[in-house]
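Please show me the sequence and the model.

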Amino acid sequence: MRWTIKPEPSNEKINHLAQALHVEDFVATLLVQRGIETFEEAKAFFRPSLDHLHDPFLMKDMDKAVERIEKAIANQERILVFGDYDVDGTTAVSLVSSYLKSYYPDIATYIPDRYLEGYGVSYKGIDFAEDNGFTLIIALDCGIKSIDHVAYAKEKQIDFIICDHHRPGDQLPEAAAVLDPKRSDCNYPYDELCGCGVGFKLIQALGSRKGETIDDLIPYLDLVATAIAADIVPMTGENRVLAYFGLQVINAEPRPGIKALVHQVKKKTLDITDVVFIIAPRINAAGRIKHGNHAVELLTEFDFDQAQQFASEIEQYNSDRKDLDKQITKEALAQIIENQETEKFTSVVFQEDWHKGVIGIVASRLIETYYRPTLVFTKSGDKYAASARSVKGFDVYNALEACSEHLEQFGGHMYAAGMTILPENYPAFKAAFEKQVKDTIQPEMLTPEIEIDAEINFADITPKFFRILKQFEPFGPQNMTPTFLTKNVIDTGYGKTMGKDDEHLRLFVKQNSSEGLAAIGFGLGNKIALTKDQQPFEIAYCIDENEWNGNITTQLRLKSLRNEC
């Protein structure tokens, strides 16, 4: 692990903000590190408001999209809402379809089969639309590169509205409207929306034409918050506002489908981490193991008893997913060792019977062992399909683009992507990808990094400080949970390992004459020797609440510990 302390902002900026907000310097430091330098910026950060959302008509083609939908409704056309099978796609389809159905009945949904159709807009889906009389398809979380598919639909007199957030190619589809804030000719003020976020901007625009205000759309924000959390988009700007109010909906009055997923969770208030680890994996499991339609059924069901039945089925899919994930990860790690590829710059593995639904998760698991850009391939029809995951700072999408001559299709983001390839091109691609990464990755990117926001003492962890820290939520990329460094720490003698194979660490730590604090380190059981015999050590940690039997206490969540430097 590399411990890297973020550069401290200028004293002038820190002092100015600390005085304006009447907070300690280290709190002002945390804010300036997040680009918050003025009282007004801090007010917007600590008091998110739906008034901070941008006018949806600032997005390129939004006027065209709204006009085409209004025309379809006026002419009583059939509208098909199409989306990807992951969390972002299924929440987006659920959001847009349920909104349109609230005032127009002739709406249907379509989620492609992960195994028979693959990612994105499919010819099978277009044929389904033609066979069933749909003349407008609204594609969510996909479609920005579907040039041929949209042309195919156009030949059948079927129009497309694309609502995507992935990077466009050199050419855009000839659709009735293409909504994507990453379009080079789109001047929308915020370009980090997820697919469901773009869908929300569409219903915001549609609602404004009907005299609705943003308050009328609040019930849909549980879906948007779930998508933002699952898709790991920056927790800044509009995403942070939407997630903030979406969490309020999840905790106060979620739709029956989400309520059914979390009703057995003992925590009284869910945060964004709970959405990531409790809600999102279960929604994802439907598309990974069975079919994304099951997720849409759950999220659009308004009878709680029926929603509970759907949730029970999805819980089983999630259990199956965990078993597959564990088995395939074991096989992939063995393959890396067997092929003597432990010292490479990449991990690229393939087995034709690996379950396509979990290869993305497996790629992330491999990075936990071999910290480097990773691709996991399986057979899909007559081609190979892969999921890619990357390490901090390295753009795997750009690396794939540099090797695209070997690929049939690819798409994604800086840290996650998907692709298909012909079997005969696999060896050449594997070699080209290894060379591309070797030539472009910075050596330090191959070592996991703990990025530390500030060094503090235990005496700084006051109730007031923790209350302020809670207001930094919701956390996510570019607004991560602050990580602190504290030196000269000792364990009071209560240190012990826990869990299967003693992989976790529990301590009760003190610094100087401070009161002791409970600390837990997941996966840090092998560090217990550093805590023995009252020897001082340094810790990198986040400050958490521990809820047990109705009692809430402050707890340190250790990221790492080391001998005093």
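**Sheet, helix pair and spaces**

Reader: Which residue in E9 stands opposite Leu-375?

Author: This is a predicted model, where local features need pLDDT of at least 70, side-chain atom pairs count only at pLDDT 80 or more, and totals for chains, interfaces and linings use all residues. Residues are numbered from 1 along each chain as its sequence is written, and side-chain values use heavy atoms, with hydrogens and water left out. Strands (E, at least two residues) and helices (H or I, at least four) are DSSP runs, numbered from the N terminus. Seven bridges join E8 (residues 374-380) to the antiparallel E9 (residues 383-389), and the residue opposite Leu-375 is Ala-388.

Reader: In what order do the five strands of the open sheet lie?

Author: Two strands pair if DSSP finds at least two bridges between them. E7 (347-350) and E10 (409-412) are the edge strands, each pairing on one side only. The pairing is mixed, and the order is E7-E8-E9-E11-E10.

Reader: At what angle does helix H15 run to E9?

Author: Axes are lines fitted to C-alpha atoms, for helices over the stretch in contact (heavy atoms within 4.5 Å). Angles run from 0 to 180 degrees between N-to-C directions. H15 (residues 359-369) lies across E7, E8 and E9, and its angle to E9 is about 45°.

Reader: Is H2 roughly parallel or roughly antiparallel to H18?

Author: Angles under 35 degrees count as roughly parallel, over 145 as roughly antiparallel, 65 to 115 as roughly perpendicular and the rest as oblique. H2 (residues 25-33) and H18 (residues 463-470) pack at about 10°, with axes 11 Å apart. So H2 is to H18 roughly parallel.

Reader: Which residues of H18 make the contact with H2?

Author: The contact has six nonpolar residues, no polar and no charged. Nonpolar means Ala, Val, Leu, Ile, Met, Phe, Trp, Tyr, Cys and Pro; charged means Asp, Glu, Lys and Arg; the others, Gly among them, are polar. H2 brings Phe-26, Val-27 and Leu-30, and H18 brings Phe-465, Ile-468 and Leu-469.

Reader: Which helix gives the most to the lining of the second largest pocket?

Author: On a 1 Å grid over the protein atoms alone, a pocket is an open set of points with protein on both sides within 12 Å along at least five of seven lines, and lining residues have an atom within 4 Å of a point. This pocket is lined by 18 residues. Helix H3 (39-46) and helix H10 (237-252) each give two or more. The top contributor, with four residues, is H10.

Conventions. On a 1 Å grid over the protein atoms alone, a cavity is a set of points where a 1.4 Å probe fits but cannot get out, and a pocket is an open set with protein on both sides within 12 Å along at least five of seven lines; lining residues have an atom within 4 Å of a point.
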